[in-house]
Every structure is written in C-alpha cells, then in structure tokens.
Amino acid sequence: MPASRANCFSKIGVAGASWIYLMTAAGRNLAVERDLRLDFFRGLALFCIFIDHLPNNILAAFTLQSVMFSDAAEVFILISGYTAGMVYSRVMEHRGFLVAGIRIYQRVWQLYVAHVFLFMIYMATVAYTVGALNNALYAEEFGATNFLGEPGLALVHALLLHFQPPFMDILPLYIVLLAVLPLVLAGFRLRPWPIFIISVALWLAVQFDSRVALPTYPGPDGVWFFNPLAWQALFFLAAWLGWRNIHGGVSWLNHRWLFWLALGLSLAGFLIRFNWTLHDFYDPIPVPISAKLLWPLLSKSDLGLLRFANVLAVSFLVSSLIHPQARFMAKPAAWPFLICGRNSLYIFCLGILLSVLGHLVLNEFFGGIAMQFAVSAAGVAIMIAVAALLEWLGATHDASGGSAVGASTARRGARG
Amino acid sequence: MIPVLLRCVMVAVAIGPISKPLVAFAEQECTVPERFYTFEPSLKKTPRALASGGQVLIAALGGASSLGVAAGGLEMAWPARLGAVLAEKFPSARTKVVNLAVARQTAKRAVERLDRDVLPLKPTLVIWETGTMEAVRGLDVDEFHETLQAGIDKIRAAGAELVLMNMQFSRETDAMIHFEPYLSALRELSDVNDVPLFRRYDIMRHWAEHGSLDLRTKDSEKRRQVAARLYGCIGRAMADFVTHGDPAAKHAPSPDIGR
C-alpha cells in the first residue's frame, strides 16, 4: 500500500499503465516484473467460483457476491481479458498475427478438451443414476427434453457447445471469447473504434431485447446462461486496456474525478448489496433500496449495467490503491492465491471439475455445515496442491535452460 | 401410464371434504422443522376462513409433480392430500382444492391461463408450483423472473392470497439440472413481494438428508408407493404452512401433524 495519499494519487496516474509487466529490451525475454495483483485477484476469484458452486454452501455467503453486485465470474473474465489482451498483443507485435492466433487457439483447444471431459462425467452420472434408477420425480420433464433417448444427438450438441448442463456454461463462454480474440486484437491495432462500437452495440442490444441470445439444446427456447453477446463487452474492454497498457497506458484514466467516481460506485454497490446480504440472514433488517427496483439492471445472464459498472469501479479502485508488487502479496499467506491465479487455465478447469464432484458428495452424504466446510476446504486444498505442482514443474523446466525459458514465461503470461 | 394429452385434459378435479386418506402415513418420516415455516407476513384470509368455518377455495397451479404422476394419479397428488388434511383439521369449513396443474407447463403458460381458468373461480388462495420446466429446459431466467412478477401482480389484483412453491429435490437430478438461478429468482420474488414461499426443494432436501422417502429403487411398485407417501407429506406440510402464523388456526385440533 502507498504510504501517503499523495503517493496514492500518483499511482492513479498510472492506473491503466500500472497493470503491468515491465518490458526488458530483449524481445524474447518478456516478463521481468510481474503484476502480482492480476495473479492474486484471479486466484481469489477462482476460489470464490468453486465455493459459490457448491450446493447449499454457507461459505458462499462470504464470497465477493455478498458485497458486490457482480461476483467472481466478472472478476475472472475481466482479469482474463486484460491478461490475454496484454500478452497476446505483445506476441502479435513481436511474432505476427499468425503466431499469436495459434497461441490463442492452443488455449481454446485446451478449454474445449476440458469442456468435453466434463461432459463425459456429466453423461456418466446421468447414465448411471437415471438409467439405473429410472428417476421418478422428473420423468415427465425429462421426457419432454428427451436427451437420454438420443444420446448421440446430445453428444453432437455438446461438441457444438449447444448443450450446457450444470457447470458447463462458463467454459463455452470463455472458449467463444478467446476464439474471437485474434480478430479483435488485430482490430485494436488497425482501427479500435469500430471494435468498440460493435462491442457496445451488442451489449446494448442484449440489454434491451431478450431475444438477442444464443440457443441451447435440448430447448425449445433454452438460452446460454452466460450470454456471450453481453459478456464480450467486459472481456474485450479489459483486453483493450491490456493492449493499451503495453502502448503507454490510457491517459484519461489519470483523471482524479474517475477515482472518486469509482470510489462512489464501489461504496454504493457495497452498501446496497451488503444490506441485502444481511437481510437474507435476518429478515427483519429493513431494506431501504429494494432489489425489486434495481432488478432489471442486475441480470447475470445479460451482464446488467450495475454488475458491469460495479466490477469496473471496484477493479479500478483496487488497481489505484494497491501497488503491483504490494508487500502483502509477498507474504506466505498470499502465495496460494498467487500460484492459482498464475496457473488459472488449469485451476479454472480443475475448479469446475471439483464443483461437480463436490456437488455429488454433498448431495450424497449431506452432513450439514461441517461437511460444507470440509468439502470447500478439500477442494481449495486440491486446487492449491495442483497449482504448486505446476509451479514446481515450471521451475524445473526453466532450470533446464535453453530456449524453453522464453517460451515458458510467455506461456505463463498467456495463462489467460 | 395415462397418455400425456389425456392428463392435460383432466386438469380440474375437486376434492370434497369427505375424501379419506388413501395411504397410511408414517408420520415420523417427514417432519418439517420450524425454520421452513417462517415468513413475513403470513397468510391472513385463508387461515381465518378455515378456522371460522367459512368457504375456502384453493387453486393449485403447477406441473407434473402437482398431478401426482409418479404416484399414479391425481388423488395421490399433494393438492388432494392437502384438501384431505384441511378437511380433517377444519371439519366445519367448506374446503375445496382445485387442481389446475398441467404437465410440462411453463410459468409463461400458467400466466396466460390465469384469466381464463384460475381467477374466474375466485379462489381464496392460489398455490403456484413453478420453475421446474424452466430449469430443465434452461430457459431465460430473467424472463422467468418477469413472468412470475406479472403473475403475482395479477393474482393479487384479483384479491386472492398467494403461495409460491419451488421445485422438487432429488439426489440424482440435482447434479443434472441447473436449479440454482431459478431457485434464487423464486426466493427473491418471494422476498420483495412478501409472498410466502413453500420451499419444497429445501424441505425435500431435509428429508433426503435424514434418509426418509428414498425413491432410489428399481422396484417400480415400491417407487410408486414412496412417491405417494412423499406427496402425502408435501400435502400435510402445505396444510401446516398455509395455516401457520394464525393463532386461531393453530389452536384448532391437529390430529395428524407430525412435527
């Protein structure tokens, strides 16, 4: 943390630019001083996503969503967009459009394989429980959707990202956003304004017309839970900031009024949302600003205005107030967040897999709050352990030297 | 099995006060802890009319689970069981439960039917079981929210009391259907509109946690029997729910509430 307020404001001066890697002269050795905030808060978001996904989990009342209109999903997409914009546009500049495109599609492929793997687990669960036990309570509704009667078709729809069972809605969003990224980055270089206008126009179209959505199988009328036509606005805005960052930052982000605006928005968001959280815990607590009033602006599927504005405000505030190498992030307690954030692609996929398994465990054995704690803790521990292994592997890889170093750091930076 | 179309046609069945319990219930099997009954404010007109021996018409809206499909028919469904319990508890009241459920019905369809099939009956209380079809199909959760809000406003404008009921819980399907967004939409609507929410999902989860009413058997006859007991339990819990919070109703004789 900066020592004084004046110091703090000088940090605002580089709010855009301070989300950084400092570049060395050598083109190949890319990352020298890593912006630890990106890793730390992405790690935090990953833990929150996992905890929020467990059914009936009391701990979910203590994650980001209880103090912000937005939740960990927005934070994750924002940081991922920012990192991806920064890393891949640098690759694009040094190695060209084709290499950057291939790198991005390597990521897309990994995500896609993870998606298909999750789908296999889903189908195995379904085949076992419904097939063997002939589920009685939902026979009628499943009869209407009938994907068990046509597993071949269901499989094709899953491969086309059409079929999105529980927990399988975030990966498709991420896949689609990354898949478009090469074109968007090329657009940033050639002409950013058309990209900007299209992105905002799409987001607005989703806000005003609920028919602007992507269909899902088995339908009819099913839609993607995370509407990519809305969520792209957050991802590409963040990618643009990341892209600008390696070109000297964004000067208008330096204005002092922007800091106060962000502070005001974050504070208002906190007061209103936290009041709702308390009200959920204890009904007699009055609610001055009703959810009924703000509800149309709070859609998660469509990334409603308040969620969008809230995540931008809070992240701006965090980037202004916390130094990229702030001391608290060097403490041992911060290390699990850092390593999970640094290996976010793997830990993200692992987190979703663990959510599915945790769901099955909690619904089989229940066990109340103690069990919710135990499953949450076990999941987080597994995420940290796997991230630590990946770190260790990366370190031995780097130590083996040679050209692997550049590739490895670039790849690490690219974990978007 | 009755064909779906036929089932959709036989929607309106009135349960008179004389119907007897068809299944013997093991009462300990499905006690409901007090915490599932707390909501502010509670119903007024309905418990009062029941206690004072007035005329009470309850309209049940919903889908397959309100039709008692898994248990083998309408007389096994929770609306029928609710009617039977209320008749036993309040013998002097003229209680009638009309089952207007239609299998696979979305909230949107239910709202479209309000003017034609529901509100002309001038119900004292509407119990609206909803959300299942939306969750199974993955329909737009914001639209679900808007539709329910419109329905709530309409039912209240007609002067009826309203109880919302959420989905069923079952271990197998819980990992298969993304219920949470729809459950949370129902919670929120109940809260901001002060509409009591019968948390069937949580109540059934509580029963599953305590090992009762397990439907996981290959024996279809056994499964049918468990489903019948389950719907009986829901009916009784609902009878408790609608009369909860009214002192007059509380002191009425309650022969079969296993709490």
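Predicted model: local features only at pLDDT ≥ 70, side-chain atom pairs only at ≥ 80, totals over all residues.
Local features are given only at pLDDT of at least 70 and side-chain atom pairs only at pLDDT 80 or more, while totals for chains, interfaces and linings use all residues. Residues are numbered from 1 along each chain as its sequence is written, and chains are lettered from A, with ligands numbered from 1, in the order in which they are written.

**View 1. The contact between chain A and chain B.**
Chain A brings 39 residues to this contact and chain B brings 35 residues. Two residues are in contact if their C-beta atoms, placed from the backbone, lie within 7 Å. On the side of chain A that touches chain B, the elements giving two or more residues are helix 4 (97-133), helix 5 (139-145), helix 11 (291-294) and helix 14 (344-365). Helix 5 of chain A gives the most, with six residues. Helices here are DSSP runs of H or I with at least four residues, strands are runs of E with at least two, and both are numbered from the N terminus. By class, this side of chain A has 18 nonpolar, 14 polar and seven charged residues. Ala, Val, Leu, Ile, Met, Phe, Trp, Tyr, Cys and Pro count as nonpolar, Asp, Glu, Lys and Arg as charged, and the others, Gly among them, as polar.

**View 2. The largest nonpolar core.**
This core has 190 residues. A nonpolar core is a set of buried Ala, Val, Leu, Ile, Met, Phe, Trp, Tyr and Cys residues joined through C-beta atoms within 7 Å. A residue is buried if 20 or more other C-beta atoms lie within 10 Å of its own, exposed if 12 or fewer, and partly exposed in between, with C-beta atoms placed from the backbone. A:A45, A:L46, A:L234, A:A239 and B:V126 have the most contacts inside the core. Helix 3 (residues 72-95) of chain A supplies the largest share, 14 residues. Beyond its neighbours within four places in sequence, A:A45 is in contact with A:A72, A:V75, A:F76 and A:I79.

**View 3. Helix 3 of chain A.**
Helix 3 of chain A has 24 residues. From first C-alpha to last it reaches 33 Å, close to the 34 Å expected at 1.5 Å a residue. The expected span is 1.5 Å times one less than the number of residues. The helix is largely enclosed by the rest of the structure, because 21 of its 24 residues are buried. Just after helix 3 of chain A comes A:G96, with a positive phi of about 100°.

**View 4. Helix 12 of chain A.**
Helix 12 (residues 305-321) of chain A has 17 residues and reaches 24 Å, close to the 24 Å expected. It is mostly covered, with 12 of its 17 residues buried. Among the buried residues are A:L306, A:R307, A:F308 and A:N310.

**View 5**
Chain B has 12 helices and six strands. Buried residues make up 55% of its 259 residues. In strand 4 (residues 125-129) of chain B, five of five residues are buried. B:L125, B:I127 and B:E129 point one way from this strand, and B:V126 and B:W128 point the other way. Strand 2 (residues 55-61) of chain B pairs with strand 4 of chain B in the parallel sense over four bridges. Two strands pair if DSSP finds at least two bridges between them. One bridge sets B:L61 against B:W128.

**View 6. Strand 5 of chain B and its partners.**
Strand 5 (residues 161-165) of chain B runs parallel to strand 4 of chain B, and five bridges join them. B:V126 stands opposite B:L162, and B:L125 has B:E161 as its bridge partner. Strand 5 of chain B also pairs in the parallel sense with strand 6 (residues 197-198) of chain B, over two bridges. There, B:M165 stands opposite B:F198. Five of the five residues of strand 5 of chain B are buried.

**View 7. Two positive phi values in loops of chain B.**
B:R104 is not a glycine, yet its phi is positive, near 65°. Its loop runs between strand 3 (94-99) and helix 5 (107-118) of chain B. B:R104 counts as partly exposed because it has 19 C-beta neighbours inside 10 Å. B:L213, also not a glycine, has a positive phi of about 55°. B:L213 lies in the loop between helix 10 (200-209) and helix 11 (220-243) of chain B.
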